[in-house]
Amino acid sequence: MSTNVQVFTLLAVACYCFAAFRVATVASHPETGPTSNKSRLLIPGTLAVLLHAVALYYAILDSAGVNLSVTNAASLVAWLVALLLLLATVTKPLENLAVVLLPLAALALTVQWLLPGIRLISADTPLGLQVHISLSVIAYSVFTIAAIQALMLAQSERQLRTKRALIPLNVLPPLQTMEDLLFQLIWLGFFLLTLGLVSGFMFVENLFNQHLTHKTILSCLSWLVFGVLLWGRHRSGWRGRIAVGYTLGGFALLLLAFFGTKIVLELILHRI
């Protein structure tokens, strides 16, 4: 990695951590309110995302194609998560998720810098396959935000039951707002995942052969879990711990599908 790219990487990591720290300080100053907290996030967060994008550009784009090694893929997903969070924060009370998501983005970018890998997707890859990959990455990013939102919802409910506040309740949005946001994220992720699976069946040859088998099966199982959750929400009003459990279960399957196979192939079997 060139010196210039290292500088962009370090600056992005610093901005991510600074943005997360500024948002976190609202816990000790709850009187600042959500509007102030949005401003704490958007300026350093936007700068971090822009710097991260430059680092990704040099790490992923190659003259021979696109390098989607496991560390590059993780960094790309983390960048998309941070970008989606910033965009959603403009209209939704999601800024407190930055305390968790932005340090994770900084960690992913640091790992990409320290442990570069190679897994090239040829420059002449068919457009349909490129669409499939893009939809899958975006869907995974949306579900990552949903999983963190589910954890915060679970923590908020636990605090109400036990009266033990690890996070001040006035820092978190109301339970109903958090739950509504969770299902909005799940609906969006489910829609994107559906398109990703359909495009995979249409454009990926031998989808159930060799190294793609586990990824396909786990992705389909994740789609089924989220589908059952949405059906249960519609028919029976599922919420609370049921919603959190299904969300985290579906995300775990998607995590194994997206990164599990890549880790086995690249770090264990050393296949490029």
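## Surface, core and salt bridges

With a relative accessibility of 35%, Val100 counts as partly exposed, and this residue of the predicted model is found in helix α4. Together with Val99, Leu104, Leu107, Val111, Leu114 and Leu115, Val100 forms a nonpolar patch on the surface, whose members have about 580 Å² of accessible area together.

The largest nonpolar core has 68 residues, of which Tyr16, Leu97, Leu102, Phe143 and Ile186 touch the most other members. Each of the helices α1 (3–24), α2 (33–60), α3 (70–89), α4 (98–114), α5 (127–162), α6 (175–203), α7 (212–236) and α8 (240–268) supplies at least two residues of this core, and the largest share, 13 residues, comes from α5. Leaving aside residues up to four places away in sequence, Leu102 touches Tyr16, Ala19, Ala20, Leu41, Ala82 and Leu85.

| Salt bridge | N to O distance |
|---|---|
| Glu179–Arg233 | 3.1 Å |
| Arg239–Glu179 | 3.3 Å |
| Asp180–Arg233 | 3.8 Å |

Through shared partners, these salt bridges join Glu179, Asp180, Arg233 and Arg239 into one network. Glu179 is buried, because its relative accessible area of 2% falls under the 20% limit, whereas Asp180 is partly exposed at 31%, as are Arg233 at 23% and Arg239 at 44%.

As for confidence, the chain averages a pLDDT of 81, and 78% of the residues score at least 70; among its elements, α7 has the highest mean pLDDT (91) and strand β3 (residues 120–122) the lowest (63).

Note on methods
Residues numbered from 1 in each chain as written. Predicted model: local features only at pLDDT ≥ 70, side-chain atom pairs only at ≥ 80, totals over all residues. Heavy atoms only, no water. Core = buried A, V, L, I, M, F, W, Y, C linked by side-chain atoms within 4.5 Å. Buried < 20%, exposed > 50% of the residue type's maximum accessible area, 1.4 Å probe, protein only. Helix = DSSP H or I, 4+ residues; strand = E, 2+ residues; numbered from the N terminus. Contact = heavy atoms within 4.5 Å. Patch = residues over 30% accessible without salt bridge, like charges linked within 9 Å, V, L, I, M, F, W, Y side chains within 5 Å. Areas by Shrake-Rupley, 256 points an atom, 1.4 Å probe, with all protein chains shown as cover. Salt bridge = Lys/Arg side-chain N within 4 Å of Asp/Glu carboxyl O. pLDDT = per-residue confidence, 0-100.
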